[in-house]
Amino acid sequence: MFRVKASPAVITGVLVLSLFVPISTAAASETAMPTRLSGLEQRAESIHKRLGTLTRKARTSKDQPRLRHRVLTTNAALKRMNRRLARLGTAVLASESVDDAFVEEVIACATTAIRLDKRAIHLSRRTLKQVRSREVKALKKLRARLLTLSARLRHPRKPSTTPTAPTPSPTPTIAPTVMPSVTPTVSPSATASPAPTATPKPSATPTVPPTPTATPKPTATPKPSATPTATPKPTATPKPSATPTASPTATPKPSSTPTASPTATPSATPTATPTASSSYTTMTDARLTSGTPTSPRVYERIIFTGGDATHGVLHIDYTLHDVVVRDCIIDSGPQNGLTINALDNAVVSNIRFENVIVRPQPRMGVEVTDRTSSGRTTNNWHHLTFDRVTIEPQGSEAFSLCSAMTGDTATTIRDMTIEGSGNRPDLYSWGQGFEINKARGVTVDGLTIMQTRGAAFNLQGPRADTDMLWRFSRVMADMRVRDDQQTEPMGSAAQVVYCKNATGWRFSGTVVTAPTGSHNGYLDNVHGADFTGTTWLRPGSKPYVSQVNGSSGNIALP
């Protein structure tokens, strides 16, 4: 298992930031121990009461929008607690100097959160409609993560306490033990502390081969394998060292020095957990290869890392077709998360992204573009599918489809979640959540957008007479719900739905303004848009959609 040595002071810092409760850096006494996580326990008790109240109300008023909103906000609070507990559990696993009593407290808190998750899942199934699937999946994923962390906290810490006690006793016997007994199994245990200093003098070469062979994985990783293990294969598996790679690579670049630092830091810690697991592999600066229509190439359970100031973590600017990217994580990098750049000589088609998580990036989470220097009018990216993609809060726009071509892109978005955008106004003025810029033929079936800094939707066509062939259904854009990683509030001039120069498109779902935001919508030279089935809400006042520059024929507006 990949472990990073951390001092009690480091763990204390993580705990204070995660739970906002004072925690002693030394081993606390039994009397102080029950108050260590009291803040978390109070928060859990508050959520428990809210869930009980909402469950009672759900028996009589399942269909009230206010009830559904309260369920969503309660779920958001529960998700925040889950994420903080997960960060806490990861930090405890990485530390070698946390007392067992505190570990038991963390496990107990995780068990409480797991029970609350179960209740919230049951309540969401009963009360939510359009976003039921998304909420249940998100809660299940967080619950599974806590279950895994709890299991790892119970077992892997036992070996770590045993070696620490015997360490003082072999220390005086270093001289006799190192020389005669190099071959027996006793040598790895003694190698833990003295091997790096004592071995170089007599025999530098004989000591290195036995160390990796005798399965001292934990011993070899912390110190000795920094220099000797540069060439061997063991370094390929624990690629969590690829996460720091984004930082050094970005530093020499002109514009990525301020970019990589704030964004990569928060997401590097949670991503290390699945990387260390044997079920995930890591690919840095990956170049995917095509499959066939009958046998697509599948990339499964991979953590993508890398990128630089001008390239995304997963960057596709070459011909690629018939590929499935499934159950993967696109880690934080110095620019975009996923970039698809179709060119005159690069056609990207028949690509599916299924159950993919995009970590926070300084710029965009997903950017798809089509550029031509030959006057081409056909799309060179088409038939893309984004199924159950979660995009965490981004520095600029979260999701962008951009094409200056006139053809049908035949692109489908299904059950996507955008948790925020616009967190880096110091670098980029754009802060929209979901953007379509002149790309025709986009179908959205299930999209949840939480609060963004700019407009939740930025939809633009080339001309007012162009039928954009956009179809939106099962949309939940509630700007009152804010993710804990979304640091920038919605701007006072930002609308939820902004559209310009388009006609003949359909939209249905729920559109709710933010307390800091502006109107529900703004239509600029838009004609024949159909909002039938859309619920417009503006807390504290009447819902409103502006229509300017000759917009006409738009139906089902508030």
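This is a guided tour of a predicted model, stop by stop, with something to select at each one.

**Stop 1: the whole chain**

Start with everything shown as a cartoon. The protein chain has 558 residues, and buried residues make up 50% of them. Colour by secondary structure and you'll be looking at 14 helices and 23 strands. Now think about who touches whom. Take the contacts between residues at least 6 apart in sequence: 78% of these join residues at least 24 apart.

**Stop 2: the largest nonpolar core**

Here's a bit of background before you click. In soluble globular proteins, nonpolar side chains tend to be buried together.

Select Leu-288, Phe-386, Phe-434, Phe-457, Phe-472 and Trp-505, and show their side chains. These belong to the largest nonpolar core, which has 68 residues, and they touch the most other members. Next, highlight strand β16, residues 440–449: this strand supplies the largest share of the core, four residues.

There's also a second, separate core to find. This one has 39 residues, including Leu-51, Leu-54, Phe-102 and Val-106.

Go back to Phe-434 and zoom in. Which residues does Phe-434 touch, not counting those up to four places away in sequence? Among them are Phe-399, Ile-413, Ile-418, Val-444, Leu-447, Phe-457 and Phe-472.

**Stop 3: Trp-505**

Select Trp-505, in the loop between β19 and β20. Is Trp-505 buried or exposed? Trp-505 counts as buried because its relative accessibility is 0%.

Now bring up the surroundings.

**Stop 4: strands running in parallel**

Pick β20, residues 506–512. β20 is mostly covered, with six of its seven residues buried.

Look at what pairs with β20:

- Strand β18, residues 471–478, runs parallel to β20 and is joined to it by six bridges. Click Phe-472 and you'll find it opposite Phe-507 in β20.
- β22 also runs parallel to β20, with three bridges between them. Here Thr-510 stands opposite Thr-535 in β22.

Then move to β19, residues 497–503, and β21, residues 521–527. They pair in the parallel sense over six bridges, and Ala-502 has Val-526 in β21 as its bridge partner. β21 pairs with β23, residues 545–548, too, again in the parallel sense, over four bridges. To spot this pairing, select Asp-524 and its bridge partner in β23, Val-548.

**Stop 5: aromatic rings**

Show the rings of Phe, Tyr and Trp. How many aromatic pairs does the count come to? The count comes to 16.

Tyr-428 is buried because its relative accessible area is 18%, while Trp-430, at 42%, is partly exposed.

For a tilted pair, select Phe-507 and Phe-531: 5.7 Å centre to centre, 50° between the planes. Phe-507 lies in β20 and Phe-531 in the loop between β21 and β22, so the pair ties together parts that are 24 residues apart in sequence. Both Phe-507 and Phe-531 are buried.

These two also belong to one aromatic cluster, whose members include Phe-386, Phe-434, Phe-472, Trp-505 and Trp-536.

One more ring to see: Arg-287 lies over the face of Tyr-318, at 4.0 Å from the ring centre.

**Stop 6: Arg-388**

Finish with Arg-388, found in the loop between β11 and β12. With a relative accessible area of 28%, Arg-388 is partly exposed. Its side chain makes a polar contact with the side chain of Asp-387, at 3.4 Å. Leaving aside neighbours within four places in sequence, Arg-388 is in contact with Lys-137, Glu-354, Asn-355, Val-356, Arg-414 and Asp-415. Arg-414 is 26 residues along the chain from Arg-388, with 6.2 Å between their C-alpha atoms.

Terms used
Residues are numbered from 1 along each chain as its sequence is written. This is a predicted model: local features need pLDDT of at least 70, side-chain atom pairs count only at pLDDT 80 or more; totals for chains, interfaces and linings use all residues. Side-chain values use heavy atoms; hydrogens and water are left out. A nonpolar core is a set of buried Ala, Val, Leu, Ile, Met, Phe, Trp, Tyr and Cys residues joined through side-chain atoms within 4.5 Å. Buried means under 20% relative accessible area, exposed over 50%, partly exposed in between (1.4 Å probe, protein chains only). Helices (H or I, at least four residues) and strands (E, at least two) are DSSP runs, numbered from the N terminus. Contact means heavy atoms within 4.5 Å. Two strands pair if DSSP finds at least two bridges between them. A polar contact is a pair of N or O atoms within 3.5 Å; within protein, one must be able to donate a hydrogen and the other to accept it, and residues adjacent in sequence count only if both atoms are side-chain atoms. Rings of Phe, Tyr and Trp (its six-membered ring) pair if their centres lie within 6.5 Å; planes under 30 degrees apart count as stacked, over 60 as edge-to-face and the rest as tilted. A charge sits over a ring if NZ of Lys or CZ of Arg is within 6 Å of the ring centre and within 35 degrees of the ring normal.
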